[in-house]
Amino acid sequence: MNLLDASATTLLTGFRDGRFSPADYVAELIPHIRAWEPHINALYAYDEATLTTEAAEATRRWRNGAPLGPLDGIPVTIKELIATRGVPVPQGTVVTELTPARDDAPPSARLREDRALIFAKTTCPDFGMMSSGVSTFHGLTRNPWKLDANPGGSSSGAGAAAAAGLGPLHVGTDIGGSVRLPAAWCGLVGFKPTLGRIPIDPCYTGRCAGPMTRTVEDAALMMHTLSRTDRRDPTRLPPSRIDWMDLSLELSGLRLGVMLDAGCGMAVDPQLLAAVEAAAAGFERAGATLVPVAPVMTREMLDGLDNFWRARQWKSLAALSASQRTRIFPMITQWAARGAELSAVDVVHGFEQTFAMRRATEAAFDDVDAILSPTTPVYSFPAEHGHPSNDPEHPFEHLGFTLPWNMGEQPALSINGGFGRDGLPLGIQLVAPRFEDHRVLQLARLFEQWRGPIRDWPTPPRS
């Protein structure tokens with residue numbers, strides 16, 4: 001078998017059976033990274049020497065029948081914004097002082113406890129504030145499916161790394177779609193759990209960490225590790241007894257809402273609508289009842305939160321000198337500048353839209369058990385653009401399907417629903433009520449089984 005195409009669950013089975021080892025996998029992974037990375041620029045703080053050493057140590061443990069954790073020897077990347085001990089967190093921008101992080105953030109700590117091999121961080125745009133792979137610190141991250149296309153963001157490097165096969169497990173963060181959007185544009189499974197299910201530090205309204213993988217089973221495998229409690233996150237949920245790897249589900253009687261309109265923002269590409277409708281038909285054939293559902297997002301909600309985020313970003317930029325601000329990606333400073341002109345009433349009204357979204361998203365489940373929609377209204381945009389609109393005055397027009405579930409705190413997952421006419425992935429989204437994270441994964445696993453595995457992942461360009 002081609003080890004580079006193996007899922008983490010397959011690798012662990014092979015380690016256990018002695019058919020291959022962490023060292024075998026890493027021996028193939030390293031030249032693969034070297035072949036891809038000059039083209040996609042997905043990694044930050046890549047540590048090849050430590051990866052080789054730790055893979056050899058994990059190999060000895062497996063051969064002795066004594067692995068030290070459920071992920072022992074599995075390579076994993078962590079988004080740059082999630083602290084890892086001893087590595088600076090530049091936040092994607094050249095103006096950040098590069099001070100090594102003192103401690104692992106909760107996701108990094110949990111993965112290290114389970115002996116995953118953290119071998120690299122992954123890139124993100126300036127301040128994590130764009131749905132794009134552009135960064136003044138990291139440079140330009142590209143989509144492996146098509147190098148002049150954007151991987152999305154802000155978990156841009158994680159999306160590109162996973163699509164290119166730079167290891168099986170990746171962790172991103174998501175405050176408005178930043179796990180699900182690059183997952184959609186890169187053909188991946190990207191899971192944003194219920195707020196607090198995966199402890200994170202620093203925490204913020206709507207901010208979640210989540211798995212980005214090629215399979216639903218690997219996302220579930222990561223949830224077993226990432227969802228363990230950590231008191232540094234005051235929004236964390238109580239410890240759960242969820243059996244994440246039990247992905248079976250009986251669809252009979254399940255009412256599945258189908259949302260084809262985001263309520264505001266960019267028009268949905270017809271190819272994405274067709275992918276959602278095809279997925280809905282599959283769920284109906286398996287026993288679900290389809291229910292059309294109205295959008296939850298409104299223009300007032302989107303514009304209000306836009307204002308609040310502008311003011312929040314301007315607060316950070318105002319602490320910098322004028323010369324430092326000129327070094328930030330221009331779209332961010334252009335967008336945030338109006339934050340200085342907003343009144344306190346404007347900003348408070350904007351923040352109150354998070355509660356309006358919370359009410360609307362809760363009400364959306366009054367008559368359905370889960371919701372199916374596109375993940376994003378567009379399925380491709382140029383690599384150099386900061387957002388799909390590329391307009392600093394209207395940067396969030398693509399968030400209508402993803403952002404409400406961050407503010408409402410519901411679990412939401414993007415999965416590949418097929419490919420467009422030009423071969424680029426089409427992302428569809430599954431959402432469930434708060435705390436029903438397991439149901440989202442189960443629904444996604446059913447769909448994945450009908451769709452079948454993606455066999456033709458991108459290969460490195462010839463140098």
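The points below go through the predicted model from its annotated region and sheet to individual loop residues.

1. Annotated region. The UniProt record, an unreviewed entry, places the feature "domain: Amidase" at residues 26–441. Over residues 26–441 the chain of this predicted model is 35% helix and 14% strand, and the end C-alpha atoms are 29 Å apart.

2. The sheet. Eleven strands make up an open sheet with mixed pairing, and their order is β1-β3-β2-β4-β6-β5-β10-β11-β9-β7-β8. At its edges stand β1 (43–44) and β8 (289–292), each of which pairs on one side only.

3. Strand β9 and its partners. Five of the five residues of β9 (residues 370–374) are buried, so the strand is largely enclosed by the rest of the structure. With β7 (residues 255–258) the pairing is parallel over three bridges, and Leu-256 stands opposite Ala-370 of β9. With β11 (residues 425–431) strand β9 pairs in the antiparallel sense over four bridges, and here Ile-371 has Val-431 as its bridge partner. Strand β11 is also joined to β10 (residues 412–419), by six bridges and again in the antiparallel sense; in that pair Ser-414 stands opposite Gln-429.

4. The nonpolar core. The largest nonpolar core has 141 residues, and those with the most contacts inside it are Leu-111, Trp-309, Ile-371, Leu-403, Trp-405 and Leu-441. Nonpolar side chains tend to be buried together in soluble globular proteins. Trp-405 can be followed in detail: residues up to four places away in sequence aside, its contacts include Ile-371, Gln-429 and Val-431, along with Arg-180, Lys-192, Met-259 and Phe-365. Two of these contacts bring back the bridged pair named above, since Ile-371 is paired with Val-431 because β9 and β11 share four bridges, and at least two are needed for strands to pair, with Val-431 as the bridge partner of Ile-371.

5. Helix α9. This helix (residues 299–318) has 20 residues and reaches 28 Å from its first C-alpha to its last, close to the 28 Å expected at 1.5 Å a residue.

6. Helix α1. In α1 (residues 8–17) the buried residues are Ala-8, Thr-9, Leu-11, Leu-12, Gly-14 and Phe-15. They are covered by elements that include α2 (22–40), α3 (48–63), β4 (169–174) and α7 (216–226). After the helix comes Gly-18, which has a positive phi near 80 degrees.

7. Asn-143. Where does Asn-143 lie? The residue is in the loop between β3 (117–122) and α5 (156–164), and a relative accessible area of 2% makes it buried, because the limit for that class is under 20%. Its side chain reaches the backbone oxygen of Trp-185 at 2.9 Å. Leaving aside neighbours within four places in sequence, Asn-143 is in contact with Ala-149, Asn-150, Pro-151, Trp-185 and Cys-186.

8. Ile-82. This residue belongs to the loop between β2 (75–79) and α4 (106–113), and at 1% relative accessibility Ile-82 counts as buried. Not counting residues up to four places away in sequence, Ile-82 touches Ala-105, Pro-107, Ser-108, Lys-121, Val-171, Gly-172, Thr-173 and Ala-209.

9. Backbone geometry to check. Most residues other than glycine have a negative phi, and most peptide bonds are trans. A cis peptide bond joins Gly-153 and Ser-154, with omega about 10 degrees, and Ser-154 is found in the loop between β3 and α5. Another cis peptide bond joins Asp-201 and Pro-202, with omega about 5 degrees; Pro-202 lies in the loop between β5 (189–192) and β6 (208–213).

10. Ala-45 has a phi near 55 degrees, a positive value in a residue other than glycine; it is found in the loop between β1 and α3 and, at 37% relative accessibility, counts as partly exposed. Arg-115, which is not a glycine either, has a positive phi of about 70 degrees. Arg-115 lies in the loop between α4 and β3 and is partly exposed, with a relative accessible area of 31%.

Methods:
Residues numbered from 1 in each chain as written. Heavy atoms only, no water. Buried < 20%, exposed > 50% of the residue type's maximum accessible area, 1.4 Å probe, protein only. Polar contact = N/O pair within 3.5 Å; in protein donor to acceptor, adjacent residues only side chain to side chain. Contact = heavy atoms within 4.5 Å. UniProt positions renumbered as here; feature names shortened; annotations may be inferred. Core = buried A, V, L, I, M, F, W, Y, C linked by side-chain atoms within 4.5 Å. Expected span 1.5 Å × (residues − 1).
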